[in-house]
Amino acid sequence: MNNLVWYRNDLRTTDHQPLTEAANGKVIAIYCFDPRHFEKTEYGFLKTRAHRARFLIESVRDLRENLSMEGVQLVVKVGKPEQVIPDLVDELNLNQIFYHGEVTDEEKRVEESV
């Protein structure tokens, strides 16, 4: 069984329930740099500024290294998850997607779209 772990806000490898649950098969992980996170809000403020973007890039780099030590490949893409993930599922013949559910309306809409 080929399983996908979709990383979003929780970029840990230890005590990570979706990663643990996916371990019953071959695990591939994905992180999407969603362009919507780098746009302006309705109030004209950037959602992600330079310092936060740098921290995010460093965190994803660390995630890749930590997953690699566990034998898990991290696929990193730029794009909307609801477009990127279905393509990856088809391409790699993935059976299940594991992820942390989120609480905000915007994140829940993305979950439903995937």
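**Exercise 1. State the order in which the elements of the chain run from the N terminus on.**

Solution. The model is a predicted one, in which local features need pLDDT of at least 70 and side-chain atom pairs count only at pLDDT 80 or more, while totals for chains, interfaces and linings use all residues. Residues are numbered from 1 along each chain as its sequence is written, and side-chain values use heavy atoms, with hydrogens and water left out. Helices (H or I, at least four residues) and strands (E, at least two) are DSSP runs, numbered from the N terminus. Four helices and four strands are present in the chain, and reading from the N terminus gives the order β-α-β-α-β-α-β-α.

**Exercise 2. Decide whether the radius of gyration of the chain agrees with that of a compact globule.**

Solution. The radius of gyration is taken over C-alpha atoms, and the globule rule is 2.2 Å times the number of residues to the power 0.38. For 114 residues a compact globule would come near 13 Å, and because the chain has 14 Å, the two agree. As a next step, consider the extent of the C-alpha trace, which spans about 45 × 30 × 25 Å along its principal axes.

**Exercise 3. Find which residues V5 touches, not counting residues up to four places away in sequence.**

Solution. Contact means heavy atoms within 4.5 Å. With residues up to four places away in sequence set aside, V5 touches H16, P18, L19, A22, V27, I28, A29, I30 and F98. Turning to the whole chain, among contacts between residues at least 6 apart in sequence, 70% join residues at least 24 apart.
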